[in-house]
Amino acid sequence: MSEAARLKAEGRDLVDFGAGEPDFATPENITAAGIAALAAHNTKYTPTAGTAALRAAIAAAHRRDFGSDYAADDVLVTSGGKHGLFNAISSLVDDGDEVILPAPYWVSFRDQIRYVGATPVLVEAGEAAGFSLSLAAIERALTPRTRAILLNSPNNPSGAVLPPELFRAVLALCREHRLWLLSDECYARLVYDARPYSVGAEPGARERAIICGSLSKTYAMTGWRIGYVLAPPAARAAMLALQSHSTGNATTFAQAGAVEALSGPQDAVVAMLAAYRERRGLIVAGLNALPGVSCQLPAGAFYAWANVSGALTRLGMSTANELAQKLLREAGVVTVPGEVFGGPAHLRFSYAAAPEVIAAGLQRLRTVLH
Ligand SMILES: Cc1ncc(COP(=O)(O)O)c(C=O)c1O
């Protein structure tokens with residue numbers, strides 16, 4: 001049990017900036033569709049790749065949201081986005097291969113790559129460049145063992161949104177060197193200024209890109225465990241075989257809820273994004289007002305990735321982990337230390353929390369850091 005979970009179990013009043021999930025309930029129309037499916041006894045196996053209705057809904061929603069041209073047959077429904085990534089990495093990356101991975105990264109990327117015996121080759125997405133990447137840095141990391149390049153935009157933990165030009169250039173690189181472009185689009189609809197973008201809509205992407213998507217964050221459906229992969233036929237067949245002999249289909253009545261999420265009204269997504277925007281302003285301003293803390297405005301997702309190196313120096317600490325422990329013990333504030341994401345000068349604050357919770361958390365931080 002983590003220390004935060006232990007303190008919570010002891011009844012300690014915590015402000016939790018740690019959880020990487022929406023604080024909103026799943027929208028009612030989606031819940032109703034899941035309940036209706038259960039009431040209609042939709043509780044048997046479905047095809048391993050998912051119901052025809054959900055695969056069609058995923059292809060149609062991807063076209064609506066990103067302008068792509070996938071068909072239902074390109075879709076594999078998975079038990080969450082993490083499962084889709086696992087299928088992709090397990091099927092397409094071998095022992096001894098290398099996968100280029102921008103840092104900071106979501107920790108499961110690194111561990112899934114290692115799990116198959118491959119090596120994550122880190123490329124820094126530096127703060128000075130707004131946590132974006134240069135093509136040159138990616139090119140420098142290429143070796144004869146490179147098998148795939150994994151991009152995640154908006155990024156967890158930095159919230160950075162990569163420009164379409166970079167995606168296009170990386171796609172061209174992947175085509176030239178016959179590499180896979182693994183694109184994690186878990187937060188792709190949660191962008192504040194840019195238009196939602198998917199490399200899957202680019203010409204030639206359907207042969208080289210593996211798109212891993214999820215309903216978890218966009219629709220506040222983390223516990224439903226519905227994600228998907230869009231992939232070319234041979235790659236999809238390999239993932240389907242793995243899934244067929246491991247997890248089988250995603251939960252049947254959750255798939256029915258997912259059809260409603262993707263095909264029904266999208267106003268809840270718009271409303272949640274508006275709420276995240278307001279919270280983003282609140283937390284970023286509050287963090288920047290703390291001594292020794294600086295935080296860029298994230299362009300997407302719901303994470304503030306705060307540079308705490310000044311605070312570490314002031315407090316005579318050497319790691320973000322130590323600071324996270326101090327904030328937890330002395331202020332009851334839960335954060336995630338940057339070491340976990342390959343960014344040891346930072347703390348990640350999830351702002352998927354009500355404005356009054358954010359305000360209370362900032363007040364507590366002031367008492368410890370001032
Ligand atoms: C970058 C990224 N990708 C994928 C996921 C997977 O989400 P899920 O498995 O709930 O769909 C997460 C969840 O935190 C994430 O942050």
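In this predicted model, the second largest cavity is lined by 13 residues, and Pro102, Pro104, Asn152, Asn155 and Leu162 are those nearest its centre. Its volume comes to about 80 Å³. Two strands, β3 (98-103) and β5 (146-152), each contribute at least two residues to this lining. Sorted by class, the lining holds 11 nonpolar and 2 polar residues, with no charged residues.

In total, 2 cavities of 30 Å³ or more were found. The largest cavity has a volume of about 130 Å³. Its lining is made up of 15 residues, with Asp65, Phe66, Arg189, Ser214 and Tyr228 lying nearest the centre. Helix α3 (residues 52-66) is the element that gives the most to this lining, supplying 5 residues. Here the classes are 9 nonpolar, 3 polar and 3 charged residues.

Turning to the ligand, the model places it in the largest pocket. Around the ligand there are 13 residues, and Gly81, Asp184, Ser214, Ser216 and Lys217 come nearest. This shell consists of 3 nonpolar, 6 polar and 4 charged residues.

An N or O atom in the side chain of arginine 225 is 2.7 Å from a ligand oxygen, and one in the side chain of tyrosine 187 is 2.8 Å from a ligand oxygen. For lysine 82, a polar backbone atom takes part, at 3.0 Å from an oxygen atom of the ligand. Taken alone, the ligand exposes 390 Å², of which the protein buries 92%.

Conventions:
Residues are numbered from 1 along each chain as its sequence is written. This is a predicted model: local features need pLDDT of at least 70, side-chain atom pairs count only at pLDDT 80 or more; totals for chains, interfaces and linings use all residues. Side-chain values use heavy atoms; hydrogens and water are left out. A residue is near a molecule or strand if one of its heavy atoms lies within 4 Å of it. A polar contact is a pair of N or O atoms within 3.5 Å; within protein, one must be able to donate a hydrogen and the other to accept it, and residues adjacent in sequence count only if both atoms are side-chain atoms. Accessible areas come from the Shrake-Rupley method with a 1.4 Å probe; for residues, only the protein chains shown count as cover. On a 1 Å grid over the protein atoms alone, a cavity is a set of points where a 1.4 Å probe fits but cannot get out, and a pocket is an open set with protein on both sides within 12 Å along at least five of seven lines; lining residues have an atom within 4 Å of a point. A molecule sits in a cavity or pocket if more than half of its atoms lie within 2 Å of its grid points. Ala, Val, Leu, Ile, Met, Phe, Trp, Tyr, Cys and Pro count as nonpolar, Asp, Glu, Lys and Arg as charged, and the others, Gly among them, as polar. Grid points are joined across faces, edges and corners, and a volume is the space filled by probe spheres set on the points. Helices (H or I, at least four residues) and strands (E, at least two) are DSSP runs, numbered from the N terminus.
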